[in-house]
Amino acid sequence: MPSSPGAPSPEELEARIAELRTAVRRAMATGDRQAARAHRAELRAAERAWDEAVLGDTALGDAELGGPAPDETAPDETAGGAPSGARPAPAPPPRAAVPRGLVPVRERVHQALTLIGAPAAPKLIASVYAAFLPGQLPAARLTSLRRDEERSFRSAPYARPYYLCAALTADLLAPARGLLTVSTWPLEQRISGPLSARTDFLTAAIRIAEHAGRRPDSPDVQRLLWRFAANIPGAATGAVGTVEPGALIAAARAELDVHAETDRRQRRRAADRARAQLDDAGRLFGARLRAMRSATGTTDGEDDR
């Protein structure tokens, strides 16, 4: 259908939609949720304009597609939509469930990291997945995952809603060995400073204990809780091998209060340097160590060691 005089063409709208989708993903990757919401609102408006330009009527377009677009309400048919008495469009067929064994490894890792809430090593990620989620996640399959994610990002930046990326060392802003994070986390959360290994361990302990109520009788959950409790003073108050989640949470929070503010300052300074020195790929996957050394002539350290 021809566009109105002065209105963008469908091709121009499609290009604008692609730009806005990239902008939404970039804003989420940097933790700027306010910008992400603004870009999302523009994206919805551009999508509605495309529907109008191509289909001629958004209500008709929704009916032909089997229902309203996500996050949009269905139009009122008595107020200018489909004619009264028209046969309703058939409901879209239900989406087939993905068999458990076919859930991609990266999605399983994302689920486990979301539950942990802090940078984590493959062994912990696999243990958390086994304790709380269906199926298994062999830690050996995670070794090449970060490299695959980086190659995907560099070939098509922000084409995916999230990436599994490395934690960044606070001194060199290089990828921290063996620690995975999620690109949509704030940059400060993806930094690993001198105290971060301990604060991340305590943060993970609290979150795991809070989720333990979902499977209180699971041996896998109890083993996981015990691994945390054995390394936190005052957390193991019961018999050996059994942990009361409330006691673990209290002990972990008490120690976390001691280190959290210093760790937060160190991460914030490192994150500020990363934003100033690194490009988008570097902020997700770390600086090229050789390039950083040649550019600065030295390495950056943190004050509060």
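My entries follow in the order I looked things up.

**Entry 1: the core.** I kept in mind that this is a predicted model. I began with the largest nonpolar core, which has 44 residues. Val109, Leu113, Ile125, Val128, Phe132 and Leu248 have the most contacts inside it. Next I looked up where the residues of this core come from: H4 (105–116), H5 (122–132), H7 (196–211), H8 (219–229) and H9 (245–277) each supply at least two, and so does strand S2 (175–182). I also found another core lying apart from it, of 10 residues, including Leu168, Ala170, Ala271 and Leu278.

**Entry 2: Leu113.** I picked Leu113 from the list of residues with the most contacts inside the largest core. Leaving out residues up to four places away in sequence, what does Leu113 touch? I noted Ala118, Ala120, Ile125, Leu164, Leu180, Thr181, Val182 and Trp185.

**Entry 3: helix H5.** Nine of the 11 residues of H5 are buried, and I wrote the helix down as mostly covered. The buried ones are Pro122, Leu124, Ile125, Ala126, Val128, Tyr129, Ala130, Ala131 and Phe132. I then checked what covers them, and the list includes H4, S2, H7 and H8.

**Entry 4: the sheet.** I traced an open sheet of three strands, in the order S2-S1-S3, with mixed pairing.

S1, residues 164–169, runs parallel to S3, and two bridges join them. With S2, S1 pairs in the antiparallel sense over four bridges. I followed Leu168 to both sides: its bridge partner in S3 is Ile191, and its bridge partner in S2 is Pro175. Thr169 has Ser192 as its bridge partner in S3. I also checked how covered S1 is, and six of its six residues are buried.

S1 and S2 form a hairpin, with five residues between them. I looked at the phi angles in the turn, and Leu173 has a positive phi of about 55 degrees.

**Entry 5: Arg106.** This arginine lies in helix H4. Is Arg106 buried or exposed? I get 17% relative accessibility, so Arg106 counts as buried, the cut-off being under 20%. Leaving out residues up to four places away in sequence, I listed its contacts as Leu145, Glu149, Arg160, Tyr162, Tyr163 and Leu164.

**Entry 6: cavities.** How many cavities of 30 Å³ or more does the structure hold? I counted two.

Terms used: Residues numbered from 1 in each chain as written. Predicted model: local features only at pLDDT ≥ 70, side-chain atom pairs only at ≥ 80, totals over all residues. Heavy atoms only, no water. Core = buried A, V, L, I, M, F, W, Y, C linked by side-chain atoms within 4.5 Å. Buried < 20%, exposed > 50% of the residue type's maximum accessible area, 1.4 Å probe, protein only. Contact = heavy atoms within 4.5 Å. 1 Å grid on protein atoms, 1.4 Å probe; cavity = no way out; pocket = protein on both sides within 12 Å on 5 of 7 lines; lining within 4 Å. Points joined across faces, edges and corners; volume = space filled by probe spheres on them. Pairing = 2+ DSSP bridges.
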